[in-house]
Structures are given as structure tokens and as C-alpha cells.
Amino acid sequence: MHDAAATPAWVMLAYLVAGGCFILALRGLSSPVSSRRGNRFGMFGMALAVGTTLVHYRPLGSDTLGAINLDLALAAQILAAIALGATIGLVTARRIAMTAMPQLVAAFHSLVGMAAVLVGAAAFLNPEAFGIAAMHHVYVDNGPHRWEMVIDPVSRLEMGLGVAIGAITFSGSVIAFLKLNGNMSGKPIILPLRHVINLGTLAAILGLIAYFTQDQAPWIFWTVVGLSFLIGFLLIIPIGGADMPVVVSMLNSYSGWAAAAMGFTLHNSAMIITGALVGSSGAILSYIMCRAMNRSFISVIAGGFGGEAVAGGGGAIDRPWKRGSAEDAAFLMSQAEQVIIVPGYGMAVAQAQHALREMAELLKKEGVTVKYAIHPVAGRMPGHMNVLLAEANVPYDEVFELEDINSEFARTDVAFVIGANDVTNPAAKTDKTSPIYGMPVLDVEKAKTVLFIKRSMGGVGYAGVDNELFYRDNTMMLLADAKKMVDEIVKSLG
């Protein structure tokens, strides 16, 4: 590898342009309207960064004198790897259902983490090829001296941090994938003394990384890797389904910092810029998610958050409630001036987004104003509901975030809640003993009428508490599969 000082100006310029594209990509992804453009910027930036790297490090380019220096074997391996990854990505993108996007994101995060671990391992096993080591004269007490390949201490620090964060990202993402995909229970798995174990393991990892800067013994490196894989599992296992949006954004941040650390090891500016952007944006998103769920950001980093909330939750309450039918719902909404639709994960599970858009179109033909209210943590990852509604071609200007639409519920005729629970629970504002107390929620109870689609009255939300909104005088429960119920409402409206 070339060191940073030997990097040509054109390479640095290309990496700078790629970094600018990544910034524009993040800016574009901040709004559904500009998200496609943002994705294109990101794709172009990544193509530019990869192409520049391949040419600069000469498997596909020329040497400093301009002579062709094409390593056919290496070029074939690189191109084969790119083709394999592109094929897998293309097939996955075409086949994956929008409802499975959270699992896909978790799986991709795990791949980024493992890539960082593998790059770090390669650099440790062959440091000379990465330009991070030199031959040093080593003297042995009462014995002969010898020459030894010694890795630069700063590179050892970067390498240690990179593999640690990468391993945590990989194992944590695997657990998140299993929970999201239903292969593992979404309930928190509470280990005894887990906070003591977690803090002790993290302290051991940091201590070993510090020691690694002084001694490059193999056992130190591999112990750091092993403990980091372990702490990734330990951090995510205690987390329940209600906190999965925060987990996804947190792992996204970790994957970025892992890539940035490996960028320092490789002396690759593009990786540093890209990793820092992903890491910082993921951290900011995690903070936003924590505020939206009334969670402590520090407790998120430490792991195990959410377990106490579930332990303190209550089951379903045996109280009188009103049951309605599709015909009742169709009549109430057709007579309304404004209807606000509140989608949740139940809509995603039932894949009811297309039927919901059809229902909204029929209502608009009746002169009803239709809007969609999205809670920041509705679904299983940030933006999950926005993605599903976009798939169903719901107009972007009809979709509003919590802070933009909460004030409108008080002057709304019907709030139509489909598969959302904790994010609409008034107990978050009134019951100090509730596990979700203090979490900002959508003020659906202020609407004149609340129509609430739910499979049955027996279940509770991910936080493990019943929703007192079910028993309010202005609430009508529509018990059925979400898609089936919306289809019946559409028939009644037609």
C-alpha cells in the first residue's frame, strides 16, 4: 500500500468528490421526495471511490512512470468479487419484500462489520503489504538478536479499534436479524449481572487494545476479536422488539465507525470520509430515536435498554370496549372532513399498505382530506412506514411526522389507526408507572372518533403494556387482519 504522503493529488481530489457525493446522498435521503436522487449520488460516489482505488493501487492501472502494470490474476479476483457482490445485491433488492427491509438492513450491517474484521486480520497477518510495518532490530536478553516485522503502534491502535467495532457490529447485527426475522424471540433475554458482565468485557477489550499498542503478540489481537464478538451478542440479546428501531440505527453507526477505523489502517481517505459520515449520521439518528422513545442515549450504548420496561409492563385490561364493523368505519370516514391514518407494524405484517392507499383514494373522491401520521419509531427501523407507504405510491405531501401533525388531531373527525399500539398509547403522557411514560406519542385520542384495527383484544404492544385508548368512549375497535379489514372497508366505500 502507498502511504498517505505518497497519494497523488488526483486521487485525493477524486476521494473528495466522492465524499461530496456521499454528503449529497445523506441530504437527499432526508426527504422521501429527494431520496431517489440521494441514492444516485451515493451510487456514483461509491463507484468513483472504488474505481479510483483500483487504479491508484495498480491492479488495474499503471505505475508511477506510466508503464502498464496490470496484474491479471489480481484484477480477475477483484472483478470476480465485485461481480459476485453486485449479483447478490441485485437479486436481493429485487426479491426482498418491503416488510422485510429491517431484516435486510441488519444483515447488511453484519456484512460491513465482518468486512472490517477481515481487513484488520489481513493487515495484522501481512502488515508489510499494507505499509504499516517495518523491520526492527530486536534484542533478546541473554540470547542472539534478530530482525522482526514490527507494526507501527498507531496502526495497531487503529487496527484494534477497527476489528473491535466491526466484530461488535457483526454479532450484534446477527442477533438483531434473528429477532426481526422471527428466528429468535423478540422478548428481551435478561442475563443475570449482565451490566457487570458487559462493562467488564468492554473494559477488557479497551485494556487489551491499549496493551496491543505496546506488544503485538498474536494472542492479544485474537482475544480482542473474540471478546468483541461476544460483547456484540451480549449487548443486543437483552433488547426487546419495542427498541428495534434504535438498535438498527445504532448498528448503522457502529458499522460506519468500523469502516472509518479501517480507513486509517489502509491510509484510504475515501473509507475514512464514508465511515465518518455513516457513523456520525447513525449516531445522530440513534439520538433522535432515543428521544422519540424516551430512552437514555447512554443506556443505548451500554446495551440492555428496554428490558426493564418490558418487565414492568402490564397485560391486557378487562374493561368494556366498543366493537365496530367495516361498514361502520366506511360510513364514519365518508362523512368526515378530515381523516388521519396512523400506520404501524401491524400494517407491515399484513401488507395492507396498497389496500390502505386505495381506501384513501376513495375517501378523497368523497371530498375527505386524508393525511398520514408517522411516529419516528413506528415499525422495526427508522423510516419503515415511510418506505411502505412510498411502495404503495402514497403522495409524499400527505405523509407527516409526529411534530408536524400532532396538533391536528384535535380538529380531526376520524383517526384511523392500523396496527400501531405503543406510539398511540395515552399512558405515555399520564401514567408515571408505565414503562413508556415520557415517550412522545401521537395524540390520536383527541380526534372525535378513533378507529383502531387490531387482530384481537388479547395482545399488547412491544413494550408489554395494554393501550388504554382501546377503552375510551370515542374509540371503536375493528378486530381483524389489517388487510382483510381495509379491503372490506374499500368494498363498503365503493
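Begin with strands E7 and E8, which pair in the parallel sense over five bridges. Two strands count as paired if DSSP finds at least two bridges between them. Helices (H or I, at least four residues) and strands (E, at least two) are DSSP runs, numbered from the N terminus. Now pick Leu451 in the viewer: its bridge partner in E8 is Met476.

This is a predicted model, in which local features need pLDDT of at least 70, side-chain atom pairs count only at pLDDT 80 or more, and totals for chains, interfaces and linings use all residues. Residues are numbered from 1 along each chain as its sequence is written, and side-chain values use heavy atoms, with hydrogens and water left out.

**Stop 1: the whole sheet**

Select the six strands in the order E5-E4-E3-E6-E7-E8: they form an open sheet with parallel pairing. Strand E5 (399-401) and E8 stand at the edges with a single partner strand each, so one side of each has no neighbour in the sheet. Neighbouring strands of this sheet are turned by 25 degrees against each other on average, direction ignored. Axes here are lines fitted to C-alpha atoms, for helices over the stretch in contact, and angles run from 0 to 180 degrees between N-to-C directions.

**Stop 2: strand E6**

Select residues 414-418. Are the residues of E6 buried or exposed? Five of its five residues are buried. Buried means under 20% relative accessible area, exposed over 50%, and partly exposed in between (1.4 Å probe, protein chains only). Val414, Phe416 and Ile418 lie on one side of E6, Ala415 and Val417 on the other, and both faces are covered.

Strand E3 (residues 338-343) runs parallel to E6 and is joined to it by five bridges. There, Ile341 stands opposite Phe416. Strand E7 (residues 449-454) also runs parallel to E6, again with five bridges. Ala415 has Val450 as its bridge partner in E7.

**Stop 3: helices across the sheet**

Show helix H15 (residues 384-391). H15 lies across E3, strand E4 (369-374) and E5, at about 145 degrees to E4. Next, show H18, which lies across E6, E7 and E8 and runs at about 140 degrees to E6.

Move to helix H12 (residues 326-334). Which of its residues are buried? Ala326, Ala329, Ala330 and Met333 are. They sit on the same side of H12, because they cover an arc of only 100 degrees around the axis. The arc is that of the directions from the helix axis to the C-beta atoms. An α-helix has 3.6 residues a turn, so residues three or four places apart point the same way. Turn to the other side of H12 to find Glu327 and Phe331 exposed. The cover over the buried residues of H12 includes E3, helix H14 (353-365), E6, E7, strand E8 (475-479) and helix H18 (482-493).

**Stop 4: Met289**

Select Met289 in helix H9 (residues 269-293). Met289 is buried, at 3% relative accessible area. What does Met289 touch, leaving out residues up to four places away in sequence? The list is Pro245, Val246, Ser249, Pro376, Val377 and Pro382. A contact means heavy atoms within 4.5 Å. Met289 and Pro376 are 87 residues apart in sequence, yet 6.8 Å apart in space, C-alpha to C-alpha.

**Stop 5: salt bridges**

How many salt bridges does the structure hold? There are ten. Each is a side-chain nitrogen of Lys or Arg within 4 Å of a carboxyl oxygen of Asp or Glu.

- Zoom in on Glu398 and Lys364, whose side chains meet at 2.6 Å, N to O. Glu398 lies in the loop between H15 and E5 and Lys364 in helix H14, so the pair ties together parts 34 residues apart in sequence. Glu398 is buried at 11%, and Lys364 is partly exposed at 27%.
- Go to Lys448 and Asp413, with their closest N and O atoms 3.3 Å apart. Lys448 is exposed, at 58% relative accessible area, whereas Asp413 is buried at 15%.
- Select Lys429, Asp443, Glu445 and Lys446, which are linked in a network of salt bridges.

**Last stop: confidence**

Colour by pLDDT, the predictor's confidence in each residue, from 0 to 100. The chain mean is 81, and 84% of its residues reach 70 or more. Over residues 305-313 pLDDT stays under 50, and the model has 26 contacts beyond four places in sequence for them. Residues 64-68 also stay under 50, with four such contacts.
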